[in-house]
Amino acid sequence: MWLSRENIIGLAIFALLAVVPAIAAVTEIPFYLDLGRRMMILAIGALSLNLIMGYGGMISFGHAVYIGIGAYVVGICAEHELVSGFIQWPLALLVCAVVAFIFGAISLRTRGVYFIMITLALAQMTYFLGVSLDRYGGDDGLPLAEPSAFADLIDLSEKTSLYYLIFVLLLFCLWISRRLIHSRFGMVIQGARSNEERMGAIGFPTFRYKLTAFVIAGVMAGLAGVLLANHTDFVNPDMMHWTRSGDLIIMVLLGGMGNLIGPILGALVFILLEEFLSGITEYWQLIFGPFLILVVLFARGGFLGFLDKKKPTEDGDA
Amino acid sequence: MPKPLLEVRNLCKNFGGVTATDNLDLSLQPGFIHAVIGPNGAGKTTMIAQLSGALKPDSGKILFDGQDITSLSSPARSHLGIARTFQITSIFHEFTALENVALAVQAHDSHSFRFWRPVKKDEKLRTPAQAALDLVGLGGRPNVLASTLSHGEHRQLEIAMALATKPKLLLLDEPMAGMGAEETLRIVEILKSLKGEQTILLIEHDMDAVFALADEITVLVYGSVIASGTEDEIRGNQAVKLAYLGDEGAAF
């Protein structure tokens with residue numbers, strides 16, 4: 001159903017995001033632009049995590065690592081005066097794909113809590129690798145000398161252009177995700193979450209499909225990282241710290257797992273709350289924590305699940 | 001006698017000190033419905049699990065269509081033509097009935113690295129899936145969420161999913177478990193309609209159903225075969241009466 005509540009909320013979110021630059025211009029508060037970009041970048045990250053966590057049942061506790069790697073590739077390239085986005089970006093996504101393939105091949109041999117722990121361990125390992133990269137700033141990180149250059153196509157140092165590029169890329173990722181989950185591949189991923197034993201019995205070797213999903217999610221998170229580097233003009237190991245991976249999980253849970261708009265809404269709400277609450281008190285997590293517990297307890301499907309009480313209909317539209 | 005479709009030789013499986021399968025020998029003729037009966041704990045489900053590849057035997061051999069499949073995985077065996085149903089309903093609860101079966105069809109329609117076309121419009125999946133639902137009597141409820149189907153319908157769906165993979169051998173693990181008389185009759189009718197074409201290994205406690213369907217019956221006790229033969233041979237077998245039937249002897 002085209003006008004499902006999910007779609008209406010999605011439209012509302014994107015309509016709002018589309019006018020943020022105008023609002024920032026009229027109110028002369030450029031901070032809104034900054035906030036909007038950060039929201040959308042993390043929305044891409046949450047969207048990618050939701051692909052494997054919400055649809056595939058793979059709870060990765062190290063997903064921020066791909067954001068970090070994406071950002072680092074841009075940062076390191078720029079450090080070596082390789083600023084062309086046409087090289088930086090595909091390279092970043094490729095590196096993310098390779099790392100996700102290796103990490104996935106290792107961690108997907110396990111299930112449940114072991115999977116969570118291994119993804120966490122691999123991500124922390126990478127985090128410490130980042131810390132130890134003295135040549136690239138180590139713990140302090142690496143300032144981006146200049147943003148990715150795309151010839152005369154788009155100027156990313158122009159912050160509104162960057163904003164709309166991120167906007168378009170978020171929409172693109174949403175579209176890709178949507179096609180993906182409704183495809184044959186998507187059904188296999190969802191089937192593997194639902195009942196792995198049955199998948200084997202009807203003839204699916206699920207490992208290769210789960211690994212592919214893991215790589216796709218890693219690449220999409222890598223894109224978020226590439227954008228994040230250009231957004232902050234700065235890269236540091238903290239981007240891949242396990243707490244960042246935790247943030248992504250929280251965004252997915254907040255908005256609602258297993259639907260496409262949920263994680264985007266979750267990312268938006270997360271960033272807004274973080275901004276708003278940290279303005280009130282330094283210990284904003286003291287308020288955020290209980291809030292999160294309430295959401296998890298009383299709105300199992302996250303915000304979207306709470307707003308959208310409708311059960312799947314006879315048409316099977318879940 | 002034609003060449004058996006499935007041959008099991010000296011199959012053994014221990015769980016700690018418990019012998020679940022004890023030098024099991026079994027031979028299935030193509031086109032036959034072969035029932036395996038036995039008291040609870042006789043190792044029937046363990047046997048199915050080993051035949052379908054979900055469980056590795058400790059020793060012994062399983063030959064399917066002349067090929068040694070003992071070390072093959074579940075998906076690999078599924079592709080050779082072995083399908084199973086589960087004693088405890090094992091379906092995709094979040095999917096509709098049709099989606100459940102369509103996924104089984106999809107598993108046997110080349111690889112699934114297809115990322116773009118929506119399955120909802122994929123007639124190559126939907127048509128055979130609907131046919132399998134029709135066959136088991138669920139044809140009228142394709143778009144009902146599997147979790148909301150009744151217990152009896154779940155059992156029908158199990159069979160539809162197994163049939164959708166177009167198996168050469170169907171392993172049915174108590175398809176009538178927990179069903180009422182009317183529902184049991186429906187399953188018996190479904191299986192009767194497959195008789196002669198589909199080779200079936202049927203595990204069942206319902207003796208009426210077993211006698212109505214089976215061409216051959218094997219009696220399993222403590223993981224090994226104590227008798228195997230036609231209905232009359234089993235009815236007349238003294239060892240079976242003693243070892244297995246006990247107070248159920250009246251059924252004979």
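Modeller: Strands are DSSP runs of E with at least two residues, helices are runs of H or I with at least four, and both are numbered from the N terminus. Two strands pair if DSSP finds at least two bridges between them. The model is predicted, so local features need pLDDT of at least 70 and side-chain atom pairs count only at pLDDT 80 or more, while totals for chains, interfaces and linings use all residues. Residues are numbered from 1 along each chain as its sequence is written, and chains are lettered from A and ligands numbered from 1 in the order in which they are written.

S3(B) covers residues 33–37 and is mostly covered: five of its five residues are buried (20 or more other C-beta atoms, placed from the backbone, within 10 Å of a residue's own; 12 or fewer is exposed, and in between is partly exposed). B:Ile33, B:Ala35 and B:Ile37 point one way from the strand, and B:His34 and B:Val36 point the other way. In a regular strand the side chains alternate between the two faces of the sheet.

Now the neighbours of S3(B). Strand S8 of chain B, residues 199–203, pairs with S3(B) in the parallel sense over four bridges. One bridge sets B:Ile33 against B:Ile200 in S8(B). S3(B) is also joined to S9(B) by four bridges, and these two strands run parallel. Here B:Ala35 stands opposite B:Ile217.

S9(B) itself, residues 216–221, pairs with S10(B) over five bridges, in the antiparallel sense. In that pair, B:Leu220 faces B:Val225 of S10(B).

These strands belong to an open sheet of six, in the order S6-S7-S8-S3-S9-S10 of chain B, with mixed pairing. At its edges lie strand S6 (82–84) and strand S10 (224–229), each of which pairs on one side only. From one strand to the next the twist averages 20° (angles run from 0 to 180 degrees between N-to-C directions, and axes are lines fitted to C-alpha atoms, for helices over the stretch in contact).

Chain B has another open sheet, of four strands in the order S2-S1-S4-S5, with antiparallel pairing. Its edge strands are S2 (18–28) and S5 (67–68), each pairing on one side only. Strand S1 of chain B, residues 6–15, runs antiparallel to S2(B), and seven bridges join them. B:Asn14 has B:Thr19 of S2(B) as its bridge partner. Helix H1 of chain B, residues 44–52, packs on this sheet and touches S1, S2 and strand S4 (59–64) of chain B; the direction of the helix makes about 60° with that of S2(B).

Last, the side of chain B that touches chain A. In all, 34 residues of chain B are in contact with 26 residues of chain A, where contact means C-beta atoms, placed from the backbone, within 7 Å. Helix H2 (74–80) and H3 of chain B each supply at least two residues of that side. H3(B) gives the most, with five residues. By class, the side has 16 nonpolar, 12 polar and six charged residues (Ala, Val, Leu, Ile, Met, Phe, Trp, Tyr, Cys and Pro count as nonpolar, Asp, Glu, Lys and Arg as charged, and the others, Gly among them, as polar).

How values were computed. Contact = placed C-beta atoms within 7 Å.
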